[in-house]
Amino acid sequence: MTLRITLGAALLFASAAALACDYPARPHIPDGATATKEQLLEAKNSMNVFFEGVDEYLRCVEAKAKADLETNNASDEERATADEELNRTFDAANGEKAMVGELLNKQIRAYNDKRRQDSEE
């Protein structure tokens, strides 16, 4: 929940130019206790696509922010503020990547635990 709020706040504070950049949709991660191996592999692939999309989004935001600063002949104070906003955006997006990765790992562990339990019965 905190990560969502942090991400939302960082994106809200991002420059208006960043709004032209597309943030990717978070992938669906199935419940490992009921998912098939194929579903988890699909989730892994979706996660990797998501990670690439976030990286592309961040490159776009950074490029647009730099272009805006140059176009508007920004002051040192404006540059510092833009840098802080960019750092918050990067931190939030990378935090979401970490959260998605951990969620997938948790579901893979649940899948493996379920398989182990099934084989013992």
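These legends describe close-up views of a predicted model.

**Figure 1. Overall fold of the protein chain.** The secondary structure comes to three helices and zero strands. Along the sequence the pattern reads α-α-α. Of the 121 residues, 31% count as buried. Among contacts with a separation of 6 or more, 84% join residues 24 or more positions apart. The chain exposes about 8,000 Å². Carbon and sulfur atoms supply 51% of that area.

**Figure 2. Surroundings of V100.** V100 lies in helix α3, which spans residues 76–120. Its relative accessible area is 2%, so V100 is buried. Leaving aside residues up to four places away in sequence, V100 touches R26, P27, I29, M47, F50 and F51. R26 is 74 residues from V100 in sequence, yet their C-alpha atoms are 7.9 Å apart.

**Figure 3. The salt bridge of R26 and E96.** The two side chains meet at 2.6 Å, N to O. This pair links distant parts of the chain, 70 residues apart. R26 sits in the loop between α1 (2–13) and α2 (37–71), and E96 in helix α3. R26 is partly exposed, at 34% relative accessible area. E96 is buried, at 4%.

**Figure 4. The salt bridge of E62 and K66.** The closest N and O atoms are 3.8 Å apart. Both residues lie in helix α2, four residues apart, about one turn of the helix. E62 has a relative accessible area of 29% and is partly exposed.

**Figure 5. The salt bridge of E70 and R79.** Here the closest N and O atoms are 3.4 Å apart. E70 is exposed, with a relative accessible area of 51%. R79 is partly exposed, at 29%. The structure holds seven salt bridges, this pair being one of them.

Notes
Residues are numbered from 1 along each chain as its sequence is written. This is a predicted model: local features need pLDDT of at least 70, side-chain atom pairs count only at pLDDT 80 or more; totals for chains, interfaces and linings use all residues. Side-chain values use heavy atoms; hydrogens and water are left out. Helices (H or I, at least four residues) and strands (E, at least two) are DSSP runs, numbered from the N terminus. Buried means under 20% relative accessible area, exposed over 50%, partly exposed in between (1.4 Å probe, protein chains only). Contact means heavy atoms within 4.5 Å. Accessible areas come from the Shrake-Rupley method with a 1.4 Å probe; for residues, only the protein chains shown count as cover. A salt bridge is a side-chain nitrogen of Lys or Arg within 4 Å of a carboxyl oxygen of Asp or Glu.
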